[in-house]
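Subject: Structure handover

Hello,

Here is the structure we talked about. Please have a look at it, then read on for what turned up.

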Amino acid sequence: MSVEIQTPSGEVKTTHPAADLPPAVEEADSTLPFLQWPAVGSLFLWMIVPLGMTIYFSFIRYNLMNPELTGFAKADNFKYLWEDPAFFPAILNTVILLGSVLVITVVVGVLLAVLYDHRFFGRNVATLLVIAPFFVMPTVSALVWKNMILHPVYGLIALALHSVGLPAIDWFGDHPMFSVILIVSWEWMPFAFLILFTSIKSLDLEQQEAASIDGATGMQMFFRITLPHLSRAIGVVVMIETIFLLSIFAEIYTTTSGGPGTATTNLAYLVYSLGLQQFDIGIASAGGLLAVILANVVAFFLVRLLSNNLKAAR
Amino acid sequence: MDNRSVKIKNLVKTYVDDRGRPTFTAVKDINLEINDGEFMVLVGPSGCGKSTTLRMVAGLEKITSGTIEIGDKVVNQVKPKDRGIAMVFQNYALYPHMTIYNNMAFGLKLAKKDKGFIQNSVSRAAKALGLEKMLDRKPQALSGGQRQRVALGRAIVREPKVFLFDEPLSNLDAKMRVQMRAEISRLHEQLDATMIYVTHDQIEAMTMGDRICVMRDGLIMQTADPLTLYRQPANVFVASFIGSPPMNLLRGTVQRGDGGLVFNEGAGPNSVKIPLRGEIATRAERYVDKPVYFGIRPEHLSNEAMDQMHVPLNSTVDIAEPMGSESLVYLQAGNGNMIARISGEHIFRHGDTANVYLNLSKAHLFDAETEEVIR
Ligand SMILES: Nc1ncnc2c1ncn2[C@@H]1O[C@H](COP(=O)(O)OP(=O)(O)OP(=O)(O)O)[C@@H](O)[C@H]1O
Ligand SMILES: [Mg+2]
């Protein structure tokens, strides 16, 4: 069954009673585009100008060391980027960093959320401590980790190792990627914890009680009830963290400067080093464009995954 | 056949806070025996400890002191899943990420029953509840009534000794509630299982219960079958709680007059005076010059004196609610109001003198101090 509505502008619209579109939206149809225009337009400019410039630069010869050399470069910038010995390590490092930090923050975040869901003495203070790293600027936390915790001479870990008679470890020299992952995970774990903790708080108590009457043990309760309940929140954490983790820069810049060699050079750092250390804006723009495409591909899949998830839950 | 009775002995529940300090005693030393196959209803106003009691039977709440026996076995330390109980919650408590089938099968799967057996029990329960077509759906795709039926199915599949219900119908609309009420009663007939049913709806209590346990402030006020509760309330609370509209209660004293004992509402020129006759007069003997409540149900006020036991009441009509075959008449009598349920088609006008009679053989007297009935 459907109903036909004559709108003021004269066109005939067919609405289905089942589709719950509020009529107010339909009435406003004719004026709405004009009102939206400024907002949409400025957002469009906001996005399109930098993107357009990046695309433009990526196709011309543009080296700050050699300004006279200009002109259309065809796909040369992309070719040089591809041939750059740091390119594949950078992609790999980006993926390793992203994957490890996601796994660590989500796993630790879930475990902490489950723990903090129980009452224990001093829980409020402890919650504050868990969240605190999130409020520290990336540069500052990287410096703290570099100079106070991981440093082979002054660091707390070196102190601890010495006290049990073990030699100190040069973390950034011998395990550079591991160290960066550690720092970034430390920064992002509070975010995961916060989202997962609020989500676990919304788990229906009656559901847990029903499961315990059904005979679920602690482990079964976690895997069959709690984890499925958290799945949507985990999706949100993964999506948001991915967007930020693809562009991790400050932590690498302050600790390892992408080294030793290319051991901790990710895509963001590579773009920086091409543009502002080798002064080749053209190749750097090509790298930037690649990063944009990569982020969009990842975001596309994540958004689809998440919206499917939401649809299924409804 | 094993014994499926439930015995609650000297049960106390004191809630404690994070640091173990007692905060509130919700259940105060109650004793209750529920027989094998009986449908017991726990009823009472909000906060009286019904849910707390039920949850202790289920094992979801720790017992402070006292014992609970299910089938002659003390279960204080037994885990919920091993008590032989199943519970139906007010908010259904279905697992939202599982299909209806898996919701019902969850307990059996955890108990590692074999697949054929699970399939059999679930489809049998689904058939009995008319859920066969929905087994693949998720709970979100069901109506409230259907969800509660799934919750019932999940309970049935466990084949428990005792079913526990905590206000299972209070989230449903009026029509659905009537239907589900009948369905649960039918289920009780079919399964012949012991059921404990918590509600604050007295219609549910009266229509479903083999026996009803009326609670207040963590204490049991009376436990009896519905008709006894209606006819012989043990105290003022039960008298006013059961019945709708509630029993009329007048506070006054018993006095010895010229023609025998009289209930006198006391002060005021037009206070109600009711001559006491027959059995109620005998009961009143011990309370001469003592404060009592006189109680009579609205349906025991009538507009004609049928026998000796009907005594007239001086009153005027305040408001009348005609409902066709009968009318609820709010009367101005003495210092207060009374409600009468008058059968037949009559017209009452505000301010008219009402011709009503109290049926003394259906009246009650309560001790005003202890609030217990005078027998
Ligand atoms: N965890 C708790 N800590 C402290 N007091 C509690 C706790 N749970 C319940 N109570 C108190 O115990 C009393 C009884 O609660 P209960 O849930 O058994 O009431 P009820 O009879 O089921 O009421 P309702 O009809 O509203 O469900 C209430 O006064 C309540 O405030
Ligand atoms: Mg309750």
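Is A:Lys201 buried, partly exposed or exposed? A:Lys201 is partly exposed, at 42% relative accessible area. (Buried means under 20% relative accessible area, exposed over 50%, and partly exposed in between, with a 1.4 Å probe and protein chains only.)

Two notes on reading this. This is a predicted model, where local features need pLDDT of at least 70, side-chain atom pairs count only at pLDDT 80 or more, and totals for chains, interfaces and linings use all residues. Residues are numbered from 1 along each chain as its sequence is written, chains are lettered from A and ligands numbered from 1 in the order written, and side-chain values use heavy atoms, without hydrogens and water.

Salt bridges

Over all chains, the structure holds 16 salt bridges. (A salt bridge is a side-chain nitrogen of Lys or Arg within 4 Å of a carboxyl oxygen of Asp or Glu.)

A:Lys201 pairs with A:Asp117, N to O at 3.2 Å. A:Lys201 sits in helix 9 and A:Asp117 in the loop between helix 4 and helix 5 of chain A, so the bridge ties together parts 84 residues apart in sequence. (Helices, H or I with at least four residues, and strands, E with at least two, are DSSP runs numbered from the N terminus.) A:Asp117 is partly exposed, at 27%.

Another bridge links B:Arg158 to A:Asp214, at 3.6 Å from N to O. B:Arg158 is in a loop of chain B and A:Asp214 in a loop of chain A, so this pair joins two chains. A:Asp214 is buried, at 5%. B:Arg158 is partly exposed, at 21%.

Within chain B, B:Arg4 bridges to B:Asp192, with the closest N and O atoms 3.9 Å apart. B:Arg4 precedes strand 1 and B:Asp192 lies between helix 5 and strand 8, so the pair ties together parts 188 residues apart in sequence. Salt bridges with shared partners also join A:Glu209, B:Arg55 and B:Glu61 into one network.

Helix packing

Helix 4 (residues 87-116) and helix 11 (residues 218-245) of chain A pack at about 140 degrees, with axes 10 Å apart. So helix 4 of chain A is oblique to helix 11 of chain A. (Angles under 35 degrees count as roughly parallel, over 145 as roughly antiparallel, 65 to 115 as roughly perpendicular, and the rest as oblique.)

Surface

A:Phe44 is in helix 2 of chain A. A:Phe44 is partly exposed, at 49% relative accessibility.

Best wishes

Key: Axes fitted to C-alpha atoms, helices over the stretch in contact; angles between N-to-C directions.
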